[in-house]
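Here are some notes to read beside the model, point by point. Please check them against the coordinates as you go.

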Amino acid sequence: MRLRTVKFRNRLLSRRTRRTAVGAAVVLALAGMNGPAIWGYASGQYHEYKINQPGYKAKNGHWEVVDVPDEYRINTIHAALLHTGKVLLVAGSGNNAANFKAKSFRTVLWDPRANTFKDIPTPKDLFCAGHTQLPDGRLLVAGGTQRYEKLEGDVTKAGGLMVVHNENPDKPMTFPAGTVFTGKQTGKSFESKDAVLVPRAKKEQGKDGKVKVTVSTARVYVEALRKGQEYATGLTDNYRIDGLKGDDARNFYGIANKLSFDKKDFQGIRDSFEFDPVAERYVTVDPMNEARWYPTLTTLQDGRVLSVSGLDEIGQVVPGKNEIYDPKTKKWSYLPQERFFPTYPALFLTDKGKIFYTGSNAGYGPADKGREPGVWDLGNNSFIPVPGISDPDVLETSMSVLLPPAQDQRYMVLGGGGVGEDKKSTARTRIVDLHTDRPRFRDGPDLYAKARYPSSVILPDDTVLTTNGSGDYRGRSDSNVLRAEIYDPRTNSSHAVADPLVGRNYHSGALLLPDGRVMAFGSDSLFRDKDNTMPGVFQQQIDLYTPPYLFRDGRPAIRSTAPQVVKLGGRASYRVSSARPVAKARLIRPGSFTHVTNVEQRSIALEMRREGSSSVTVTLPKDPSLVPPGWYMLVVVDDQDTPSEAVWVRVPPAEK
């Protein structure tokens with residue numbers, strides 16, 4: 001009996017073993033077929049678990065997605081922090097030709113604290129405008145899009161530049177859009193696409209008593225009245241203006257060179273606006289003298305604004321005609337001398353009142369002109385080159401930042417790519433100290449990868465967060481970089497932090513918020529697959545990065561917010577609470593970011609005196625070129641480099 005029982009158990013065990021073996025084989029087979037998916041799911045679950053652990057966050061920080069309702073999702077091209085704590089998100093037409101044609105221009109105002117959104121009526125296509133902070137807290141927005149580019153092959157009408165002449169010293173004339181110009185030699189007719197004002201001719205009396213008249217000119221883009229290659233021209237021709245008679249017909253005329261089917265670049269507008277953060281609306285001010293698309297606006301030490309470069313009303317880089325906006329008169333005036341820069345040049349106000357051009361730029365301009373870094377004196381138009389920058393042929397789409405604190409006048413240039421759609425890119429960072437006798441760039445630590453379009457943000461603990469970018473032009477060939485790092489100028493070293501949630505390249509950026517977090521926005525990949533066969537989709541997701549310092553226990557707090565106005569060289573006292581000693585105070589200018597360009601941001605060290613255990617007194621520097629007028633975020637930082645949430649301070653223009 002016992003023997004039969006043992007045999008039965010052995011047979012049962014044998015059957016179970018066979019079933020187990022067969023089951024294991026099936027599992028192995030399935031794993032062989034679906035291994036990558038199973039492994040990917042498991043590793044994804046583990047990654048999600050790991051990045052949400054307290055220890056990981058305390059070391060690397062943490063990213064999260066902002067909940068944006070569908071009706072407020074826009075192609076954010078520009079973003080600026082306002083002194084109300086809200087962020088202006090500007091798309092304009094959002095690099096979407098259909099939106100441009102429909103005159104659908106978007107601006108959304110976001111309140112990060114309440115996570116609320118508001119549509120702002122947008123008067124013009126502010127896509128690819130310039131912007132900067134004004135002394136009263138308004139945001140100056142100038143330039144934008146007059147016409148979208150057309151690539152060679154997509155151009156259906158011959159067109160180009162018409163120079164309109166006026167020989168009458170007593171009479172200007174405005175010609176409306178649709179004015180027809182007919183060639184005297186070819187008989188071919190072209191119409192203007194925009195209105196154009198031709199000033200009076202200039203009349204001067206020479207030493208010999210004779211009156212000399214100098215013809216005045218204005219430029220306008222024209223297109224053939226009909227489609228077809230036969231309407232193109234190949235020669236310079238003199239054009240009569242239809243509808244003019246008598247003296248006007250003799251005094252006013254057009255001259256054009258080749259009017260063809262060549263690629264037509266984007267064209268800019270002259271329009272300027274101030275965005276009022278309190279009324280939450282755009283206010284029209286005097287237009288610029290030059291139309292500009294891709295300009296840089298830099299606030300000067302007296303609160304006026306320098307406007308430089310951009311594509312003009314016919315799609316050419318503005319040929320060195322730079323101008324100044326006066327917020328008191330709301331008007332623009334030319335600088336007396338010209339200086340050429342490629343579009344979106346990184347132009348910083350230095351502590352000596354001069355302008356430092358780091359060499360960073362974005363988009364348009366010849367490869368051999370206006371790209372050398374240097375210090376520009378607006379007073380006499382002198383330009384002193386700063387040598388030593390590595391990879392000088394890949395400065396386009398690089399990021400530039402004034403390292404904290406601003407008093408040190410050390411600038412960093414990060415990454416970059418070749419001119420235009422060149423495939424070259426670099427991981428180099430380059431640093432220059434303008435306070436040395438002979439300033440010269442030297443390499444810093446390499447970035448996490450070769451990267452065009454990286455976004456760098458000054459943090460209140462005197463470090464710099466850099467995130468994202470792409471190895472190739474506009475993320476081509478699936479080259480987006482999902483990496484981030486924090487650079488410490490004190491040790492000249494970088495360390496990796498939490499990886500971003502999505503790829504970001506062209507038309508992306510990042511801003512420091514008053515609570516110490518960083519918002520990241522935008523991205524406009526050319527394609528969305530490695531083989532470059534599927535058109536890209538604009539990244540409308542907004543993410544928030546919480547740096548490691550916000551995962552520590554015991555954050556300092558500024559308990560009083562008055563006074564809001566502190567003069568240069570002035571003092572202000574604040575009640576503070578902190579578990580650890582307060583070590584320093586910083587004044588941080590709110591950022592205004594677009595196209596790898598944020599020349600606004602700077603962090604200024606303040607003299608600080610502790611008054612007992614519950615208050616501090618800070619003293620502002622006296623130099624207006626170190627602290628240009630406007631609103632700033634004031635933070636205190638403890639001895640472990642943990643910053644407080646910011647309070648807002650307005651620094652008025654220096655008294656004359």
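Is Arg106 buried, partly exposed or exposed? Arg106 is partly exposed, with a relative accessible area of 26%, where buried means under 20%, exposed over 50%, and partly exposed in between, for a 1.4 Å probe and protein chains only.

1. Basis of the values. This is a predicted model, in which local features need pLDDT of at least 70 and side-chain atom pairs count only at pLDDT 80 or more, while totals for chains, interfaces and linings use all residues. Residues are numbered from 1 along each chain as its sequence is written, and side-chain values use heavy atoms, with hydrogens and water left out.

2. Confidence. The mean pLDDT of the protein is 93, and 94% of its residues reach 70 or more, pLDDT being the predictor's confidence in each residue on a scale from 0 to 100. Over residues 1-31, however, the pLDDT is below 50, and beyond near neighbours in sequence this stretch has one contact in the model, a contact being heavy atoms within 4.5 Å.

3. The five-stranded sheet. An open sheet is formed by five strands in the order β5-β4-β3-β2-β44, with antiparallel pairing; strands are DSSP runs of E with at least two residues, numbered from the N terminus, and two of them pair if DSSP finds at least two bridges between them. At the edges lie β5 (116-119) and β44 (592-593), each of which pairs on one side only.

4. Strand β4 and its partners. Strand β3 (residues 87-92) is joined to the antiparallel strand β4 (residues 106-111) by five bridges, with Val87 opposite Trp110 and Leu89 opposite Val108. Four bridges join β4 to β5, again in the antiparallel sense, and here Trp110 stands opposite Phe117. β4 and β5 form a hairpin with four residues between them, and Asn115 in the turn has a positive phi of about 50 degrees. Five of the six residues of β4 are buried, so that the strand is mostly covered.

5. The side chains of Asp119 and Arg106 meet in a salt bridge at 2.8 Å, N to O, the criterion being a side-chain nitrogen of Lys or Arg within 4 Å of a carboxyl oxygen of Asp or Glu. The pair links distant parts of the chain, with Asp119 in strand β5 and Arg106 in strand β4, 13 residues apart.

6. Other salt bridges. By the same rule the count comes to 44 salt bridges. One of them joins the side chains of Asp70 and Arg73 at 3.4 Å, N to O; Asp70 counts as exposed because its relative accessibility is 64%, whereas Arg73 is partly exposed at 31%. Glu421 forms another with Arg476, the closest N and O atoms being 3.7 Å apart. That pair links distant parts of the chain, since Glu421 lies in the loop between β31 (410-414) and β32 (429-433) and Arg476 in the loop between β35 (464-467) and β36 (484-488), 55 residues apart. Glu421 is partly exposed at 48% relative accessibility, but Arg476 is buried, with a relative accessible area of 13%. Salt bridges that share partners also join Asp462, Asp488, Arg490, Lys584, Arg586 and Asp641 into one network.

7. Nonpolar cores. The largest nonpolar core has 73 residues, and those with the most contacts inside it are Val87, Trp110 and Met519; such a core is a set of buried Ala, Val, Leu, Ile, Met, Phe, Trp, Tyr and Cys residues joined through side-chain atoms within 4.5 Å. Leaving aside neighbours within four places in sequence, Met519 is in contact with residues including Val87, Leu89, Trp110, Leu511 and Ile542. Apart from this core lies another, of 37 residues, among them Leu395, Tyr411, Leu434 and Leu634. In soluble globular proteins, nonpolar side chains tend to be buried together.

8. β22 pairs with strand β23 (residues 305-308) in the antiparallel sense over four bridges, and Thr299 stands opposite Val305. The two strands form a hairpin with five residues between them, where Gly303 in the turn has a positive phi of about 95 degrees.
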